[in-house]
Amino acid sequence: MPTDKKREFRSIWILLAGFLACAVLVAVLCLLSDVALPDLVGRELAEAEAEAVIGRNSPLTDYVYLSPNADFPREGEIKKITIHHMAGDLGLEELGKAFGERDRGASANYAIDGDGRVALYVEETNRAWTSSSKENDDQAVTIEVANDEIGGDWHVGSAAYETLIDLCVDICERNGIKKLSFTGDASGTLTIHKMFKEDTECPGPYLEGKMGEIAEAVNERLKE
């Protein structure tokens, strides 16, 4: 074989070997990432397992599916609540399936559906990937709320809204948050997604306009 052909042949094999090594490295990293996940994450739980998870989170929880899209554990102390909207009216199981997709890269600690049922997707001790801000999400319990209006004000129905108040009260009581304050910026203990991401309406005009009312309602309950 001519020298030039040998060199070309050798270069092709070196290139292929490099691609193969990269593919193996990616596969190993993915495997290690999955191995590092807690045992209860990314699968359907047995009844006893779900009950144990609920026992160390909100007792208001009706459904549990733990997303792999989280940091285990969160780095900060829980000091805030961040409210989001679903931009739809998804069932809790459907949203859990979406949050279970690794490529999606998103999750929330809790969600509330249109009937006021509560789902847990990321335990409170862990950081959900919700608010486009690691700093916020390391300190916040994040909540997705179903809409009964698509577009417009992104209205939220009464059942979901009332459960949102209940869940906020419960989160505050268990985590020692004495008072919710909505300041209109990230300094408050009640925050919203659009504070950290410019190109989103989340949680929509309806819930954004209710933030002061939500804080007041929660604080009244905390005084009891």
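**Exercise 1.** In which loop does P73 lie? Describe also the peptide bond that joins F72 and P73.

*Solution.* The structure is a predicted model.
Step 1: Locate the residue. P73 belongs to the loop between β2 (70–71) and β3 (80–85).
Step 2: Examine the bond. F72 and P73 are joined by a cis peptide bond, with omega about 0°.

**Exercise 2.** Determine the form of the peptide bond from C202 to P203, and find the place of P203.

*Solution.* 
Step 1: Read omega. Its value is near 15° for the bond from C202 to P203, and this bond is cis.
Step 2: P203 is in the loop between β8 (190–192) and α6 (204–209).

**Exercise 3.** Identify the aromatic pair, classify its geometry and explain which parts it ties together.

*Solution.* 
Step 1: Count. There is one aromatic pair.
Step 2: Classify. The pair consists of F99 and Y121, whose centres are 5.2 Å apart and whose planes make an angle of 80°. Planes over 60 degrees apart count as edge-to-face, and the pair of F99 and Y121 is accordingly edge-to-face.
Step 3: Locate the partners. F99 is part of helix α3 (residues 92–99), whereas Y121 is in the loop between β5 (118–120) and β6 (127–128); the pair therefore ties together parts that are 22 residues apart in sequence.
Step 4: Consider accessibility. Both F99 and Y121 are buried.

**Exercise 4.** Which residues of helix α2 are buried, and how are they arranged about its axis?

*Solution.* 
Step 1: List the residues. In helix α2 (residues 47–55), the buried residues are A50, V53 and I54.
Step 2: View the helix down its axis. The buried residues of α2 fall within an arc of 100°, so they line one face of the helix.
Step 3: Turn to the face away from the buried side. There α2 carries the exposed residues A48 and G55.
Step 4: Find the cover. Among the elements that cover the buried residues of α2 are β1 (63–64) and β5.

**Exercise 5.** Are S132 and W154 buried, partly exposed or exposed? State the phi value and the place of each residue.

*Solution.* 
Step 1: Treat S132. This residue is not a glycine, yet its phi is positive, at about 60°. S132 is in the loop between β6 and α4 (134–139). Because its relative accessibility is 47%, S132 counts as partly exposed.
Step 2: Treat W154. Its phi is also positive, near 50°, in a residue other than glycine. W154 is in the loop between β7 (140–145) and α5 (158–175). With a relative accessibility of 13%, W154 counts as buried, since buried means under 20%.

Technical notes: Residues numbered from 1 in each chain as written. Predicted model: local features only at pLDDT ≥ 70, side-chain atom pairs only at ≥ 80, totals over all residues. Heavy atoms only, no water. Phe/Tyr/Trp six-rings, centres within 6.5 Å; stacked < 30°, edge-to-face > 60°. Helix = DSSP H or I, 4+ residues; strand = E, 2+ residues; numbered from the N terminus. Buried < 20%, exposed > 50% of the residue type's maximum accessible area, 1.4 Å probe, protein only. Arc of directions from axis to C-beta. Contact = heavy atoms within 4.5 Å.
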